[in-house]
Structures are given as structure tokens and as C-alpha cells.
Amino acid sequence: VVVTSVAARSDAAEKGLAPGSIITAVGTRNVSNLQEFNAEAAKANGKPMLLLIQGPSGPGKATVAILPR
């Protein structure tokens with residue numbers, strides 16, 4: 001799932017998410033499309049979500065915890 005925008009000064013922005021980042025997993029579940037991402041994000045019920053992301057600049061991956069909006 002490709003991130004298209006990130007709100008300035010949001011938890012996601014502070015944790016390093018940026019346009020072009022690719023979310024490959026939510027928690028322990030791999031996600032390959034927006035429907036799968038939304039289904040996993042809904043389970044968070046406003047609690048922090050662990051995301052496995054690949055940055056827009058390369059193949060390195062990082063895991064971040066963010067609060068959903």
C-alpha cells in the first residue's frame with residue numbers, strides 16, 4: 001500500500017512516514033492492497049498500530065507504531 005500523503009505534525013509524520021512510503025504489513029498481517037490495510041486498521045480501534053514500511057528512497061524497511069486518525 002503506497003502512502004500518498006501524510007498530515008504535517010501528525011504521529012505518522014513524526015515517525016517517518018512520507019509520501020511514497022510503502023506499507024507492507026499491519027501488526028503481523030501482510031497487506032497488499034488498501035482493502036486489506038483498512039480491514040487491519042479498523043481492528044486497531046484507535047489504539048497504536050504497528051506498521052512495517054519501506055521508505056520511498058530505497059529497500060530498507062522499518063517498523064513504526066502510529067496512532068490512527
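Trainee: Before we get going, what counts as buried, exposed or partly exposed here?
Mentor: Buried means under 20% relative accessible area, exposed means over 50%, and partly exposed is in between. Keep in mind that this is a predicted model.

Trainee: Okay, so where does Lys15 fall, buried, exposed or partly exposed?
Mentor: Lys15 is partly exposed, because its relative accessibility is 39%.

Trainee: Which side chain does Lys15 meet in a salt bridge?
Mentor: That would be Asp11, with 3.3 Å from N to O. Asp11 is partly exposed as well, at a relative accessible area of 22%.

Trainee: How many salt bridges are there by this rule?
Mentor: The count is 3.

Trainee: Which residues are linked in a network of them?
Mentor: Arg29, Glu40 and Lys43. Glu40 pairs with Arg29, where the closest N and O atoms are 3.7 Å apart. The side chain of Glu40 also meets that of Lys43, at 3.1 Å from N to O.

Trainee: What does the Glu40 and Arg29 pair tie together?
Mentor: Glu40 sits in helix α2 (residues 34-42) and Arg29 in strand β2 (residues 29-30), so the pair ties together parts that are 11 residues apart in sequence.

Trainee: And is Glu40 buried or exposed?
Mentor: Buried, with 13% relative accessibility.

Trainee: What caps the N-terminal end of α2?
Mentor: Asn33 does, through a side-chain oxygen that lies 3.1 Å from the backbone nitrogen of Gln35.

Trainee: Switching to the core: how many residues does the largest nonpolar one have?
Mentor: It has 14 residues, and among those with the most contacts inside it are Leu17, Ile23, Val26 and Phe37. Met49 and Leu51 belong to that group too.

Trainee: Which elements give two or more residues to this core?
Mentor: β1 (22-26), α2, β3 (49-54) and β4 (61-66).

Trainee: Which one gives the most?
Mentor: β3 does, with 3 residues.

Terms used:
Residues numbered from 1 in each chain as written. Predicted model: local features only at pLDDT ≥ 70, side-chain atom pairs only at ≥ 80, totals over all residues. Heavy atoms only, no water. Salt bridge = Lys/Arg side-chain N within 4 Å of Asp/Glu carboxyl O. Buried < 20%, exposed > 50% of the residue type's maximum accessible area, 1.4 Å probe, protein only. Helix = DSSP H or I, 4+ residues; strand = E, 2+ residues; numbered from the N terminus. Core = buried A, V, L, I, M, F, W, Y, C linked by side-chain atoms within 4.5 Å. Polar contact = N/O pair within 3.5 Å; in protein donor to acceptor, adjacent residues only side chain to side chain.
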